[in-house]
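Please read it alongside the sequence and the coordinates.

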Amino acid sequence: MSLDKHFFTPEGTDTYDFSEGKPTPWQSNQEVDRYVPTHCCYCGVQCAMYLKVAAGKVVGVEPRYDFPYNHGMLCPKGTTAYQTVNHPDRLTHPLMRRGGKGGALERASWDEALDTIARRFREIQAAHGNDAVAVYSGSSMTNEKCYLMGKFARVALGTRHCDYNGRLCMSSATGANELSLGIDRAANPVSDLPHADVVFAIGANIGECFPIITSYLWQARDRGCKLIVADPRQTPIARTADLYLPLRPGTDSALLNAMLYVIITEGMVDEEFIRARTSGWEETKAEALKYPPEPVARVCGLKPETIVAAARLYGQAKAALLYTARGLEHQSKGVDNGVACANLALATGNFGRPGAGYMTLTGQGNGQGGREMGQKASQLPGEREIENQEDREYIASVWGIAEPELPHAGYPATLMIPAMERQEIRACFMICSNPLVSLPDQHTVERALRRLDLFVVTDFFLSETAELADIVLPGNVWAEDGGTSTNLEGRVIKYNRAVDPPGEARLDWEIVCDLARRLGKGHAFDYHSQRDIFEEVRVATKGARADYYGITYEKINAQNGVFWPCPTEDHPGTPRLYEDRFGFPDGKARFHPITYLPPAEEPDATYPLVLTTGRVIYHYLSGNQTRRTPFLLEQAPCPWVEMHERTAERLGIAEGDWVTVRTRRGEMTVPALVIRTIRPDTIFIPYHYGHTQAANILTNPVLEPMNKIPEYKVCAAAASKAEQPPAWAKDFDPALLKLAGRNRRALPSAGGRVGPRVR
Ligand SMILES: Nc1nc2c(c(=O)[nH]1)N[C@H]1C(S)=C(S)[C@@H](COP(=O)(O)OP(=O)(O)OC[C@H]3O[C@@H](n4cnc5c(=O)[nH]c(N)nc54)[C@H](O)[C@@H]3O)O[C@H]1N2
Ligand SMILES: Nc1nc2c(c(=O)[nH]1)N[C@H]1C(S)=C(S)[C@@H](COP(=O)(O)OP(=O)(O)OC[C@H]3O[C@@H](n4cnc5c(=O)[nH]c(N)nc54)[C@H](O)[C@@H]3O)O[C@H]1N2
Ligand code: SF4
Ligand SMILES: [Mo]
């Protein structure tokens, strides 16, 4: 029996060759018309999956064993992602607020909505200048859409203010990659992991945030690879680690410097590698020698011998992989922390070989592609620079404008908020972000967004942010369009369209192009498909650092993805970077000495605890999608505060009690989860919830000075038993809460030790 009829072949690009007699790649007892090969829409791992389509609707998901990467595995978010497609909450027609700011959002036609936006943007720009309108986009979109947003801002609106949610995510990593290595991409493919002798994960909750990568980690460990984890919370992988360092939040660069100290003083540096492939070692060495383990251990709240043991394990590895993520990067010293990681990997020669490298685990589905397509405030497509004359001239020529017409660098997303508050920015086109959950200091963010003369949001669900908009445009979910995404390895993969958007909802790129036409710039946005946009991306990135020129949709299908840089059509792509040279003109990596500086806010008598925030496996980012997925919501129905049992006892708090957490920005009341897997001086709240459940009511908006990422991971806080439950509790099923608490409880540590080793 031929199975070919089941496979959807959009644009004739996705041909699947299943010869007779081969085992079928799926199992299903449901009548299904088509199996559409695509990838998960959530995290940067970008697992491959099939969407099952019946009667024009996405009805389920099937593993995709034929993709040699996730081998059919999906995490709980991946297996339930399809449930967002036909969700009853989908936005199916445009909405406009009638009767001024106090009015309600009401149904509008596309013509009315888009004409109003075009007219108001032009009026606002005529009165206050082009830069009074900002574009704020996101990295959960395809490369084609990310590229389009950068072009839309600069060409259709002529504004310099264009930035995206990756500012809150990848900007410390970008800073470090650019300073130390010269290319802003992971150094290694995930398939390098089983070749490592040592994996050091610092500030990365791999088990919950990149679940499918753990399968590679177990492969490595089956071969004897040792695992070091540094995290103030004993995360799932930390429970199995050979060495676990429960460091005090915000002290990462001190720890990394002390490890470098041990590596230098015990003769574990790779002199040959340093001489041949790097510059700046002497200054970095001199600085690191100021960080002996004993005083650093006091700063980090660790034992000196644990730091020495970690340094020896890492320093003696034949091939070590150093993984970081937002734990280390969501800090006002995030760029420094990343550079300190690169210093450690460079000093030990851990680059350019299987299993040897330093890489940040990119977060969002297209968090890699999204940061090189030119939607960043200072960037043009291909990681080109908006203030570089040659780059400006090249992109202006691709876009058919004169170079002087191309705006210069604008505000990063985090600085748009104060600019909105002081009404320098008066209108905003937002797509694919939910800052009313995700930005720090929510009270200020809400005030700023309410001040806008015109606020337009494009989403497929009414997010907390969309609730504040003047005009809401219904866009598409990933399953409704094709296009490319670049995963956390730098592998460009392809989504395929399974169904059409519901009701009057439209494809995001069509909405943006339609708006450009109404702004009189239709000639520059004359695309008929995502593929047309991709063809322009190829040209726009040609010869740039992030070179996509040699990548085609056909090649992606034929090769199961293509790693950039890929300069020509006969080039296979580049899975591992830095084999021969780093990304600077002289080919050498750069050491930079890092001085440890404490976080912006430290505990004091009024706020004696450290609050850190982050993720759980069940929810994705602002939760606008996963809070609508019944299974995921049931597992994690509301935020909670994790605290160590010693801390809880001291504060007179028991498991499940309502606890009020206060910081200098605000307060919130959540149930307590009393555990032994967090430092006693630290508390943790997951940030996936909105309104009075948003952890970002509490967080500190202080920014990293170079790349402007907020310090989500460290602020001073106080916690006490609440006088009364929060208002939302009255509608809340206590049984759900209990279930959620049980789900969060850790198993006893596989290493036989429960709870952090804390001084
Ligand atoms: N389930 C799930 N997976 C996701 C996402 C999601 O929302 N949900 N989001 C995706 C995205 S966009 C991102 S950016 C990634 C984020 O992936 P991660 O960075 O792994 O996740 P976080 O929870 O933000 O933080 C990681 C860890 O940092 C620790 N930490 C806190 N403070 C410090 C500190 O000062 N130093 C160190 N070393 N560690 C600290 C926290 O305890 C936490 O375990 O996940 C991606 N994957
Ligand atoms: N306290 C605290 N705050 C944090 C973090 C933290 O660790 N702690 N992490 C930060 C990080 S790393 C990140 S990445 C940010 C993320 O912050 P946000 O950008 O706010 O996160 P999302 O929930 O992805 O927002 C995307 C929105 O766009 C919609 N959407 C998704 N895909 C598409 C699409 O293709 N088209 C359209 N039109 N809409 C789409 C979704 O429904 C959602 O409403 O949060 C940051 N905020
Ligand atoms: S690991 Fe990431 S990409 Fe894979 S299924 Fe889970 S959320 Fe989706
Ligand atoms: Mo992120």
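In this predicted model, ligand 3 is surrounded by Cys40, Tyr42, Cys43, Gln46, Cys47, Leu74, Cys75, Lys77, Gly78, Pro211 and Ile212. Sorted by class, that shell holds eight nonpolar residues, two polar ones and one charged one.

**Largest cavity**

- The protein contains four cavities of 30 Å³ or more, and the largest of them has a volume of about 650 Å³.
- The largest cavity is lined by 39 residues, of which Ser140, Asn165, Gln364, Cys432 and Leu621 are the closest to its centre.
- In the make-up of this lining, 17 residues are polar, 15 are nonpolar and seven are charged.
- Among the secondary-structure elements, strand 17 (454–459) and strand 23 (609–614) each contribute at least two residues to the lining of the largest cavity.
- At the level of domains, at least three lining residues of the largest cavity come from domain 2 (95–169 + 366–481 + 502–532), and at least three come from domain 4 (609–745).

**Second largest cavity**

- The second largest cavity has a volume of about 460 Å³, and of the 35 residues that line it, Asn205, Cys209, Gly327, Arg615 and Lys713 are the closest to its centre.
- Helix 5 (206–209), helix 12 (326–329) and strand 23 are the elements that give two or more residues to the lining of the second largest cavity, with the largest share, three residues, coming from strand 23.
- By class, the lining of the second largest cavity comprises 14 nonpolar, 12 polar and nine charged residues.
- Because domain 3 (171–360) and domain 4 (609–745) both give residues to the lining of the second largest cavity, this cavity lies between the two domains.

**A buried arginine**

- Arg90 is found in the loop that runs between helix 1 (76–80) and strand 4 (95–97), and with a relative accessible area of 6% it falls under the 20% limit and therefore counts as buried.
- A polar atom of the Arg90 side chain lies 3.0 Å from the backbone oxygen of Val85.

**Backbone geometry**

- Most residues other than glycine have a negative phi, and most peptide bonds are trans.
- Against that background, the peptide bond from Trp564 to Pro565 is cis, with omega near 0°, and Pro565 is placed in the loop between strand 21 (562–563) and strand 22 (589–590).
- The loop between strand 21 and strand 22 also holds Tyr578, which has a positive phi of about 65° although it is not a glycine.
- The relative accessible area of Tyr578 is 3%, which is under 20%, so Tyr578 is buried.
- Ala55, found in the loop between strand 2 (48–54) and strand 3 (57–63), likewise has a positive phi, near 50°, in a residue other than glycine.
- Ala55 has a relative accessible area of 70%, which is over 50%, so Ala55 is exposed, whereas Tyr578 is buried.

Terms used:
Residues numbered from 1 in each chain as written. Chains lettered and ligands numbered in written order. Predicted model: local features only at pLDDT ≥ 70, side-chain atom pairs only at ≥ 80, totals over all residues. Heavy atoms only, no water. Near = heavy atom within 4 Å. Nonpolar A, V, L, I, M, F, W, Y, C, P; charged D, E, K, R; others polar. 1 Å grid on protein atoms, 1.4 Å probe; cavity = no way out; pocket = protein on both sides within 12 Å on 5 of 7 lines; lining within 4 Å. Points joined across faces, edges and corners; volume = space filled by probe spheres on them. Helix = DSSP H or I, 4+ residues; strand = E, 2+ residues; numbered from the N terminus. Domains from an automatic or database assignment. Buried < 20%, exposed > 50% of the residue type's maximum accessible area, 1.4 Å probe, protein only. Polar contact = N/O pair within 3.5 Å; in protein donor to acceptor, adjacent residues only side chain to side chain.
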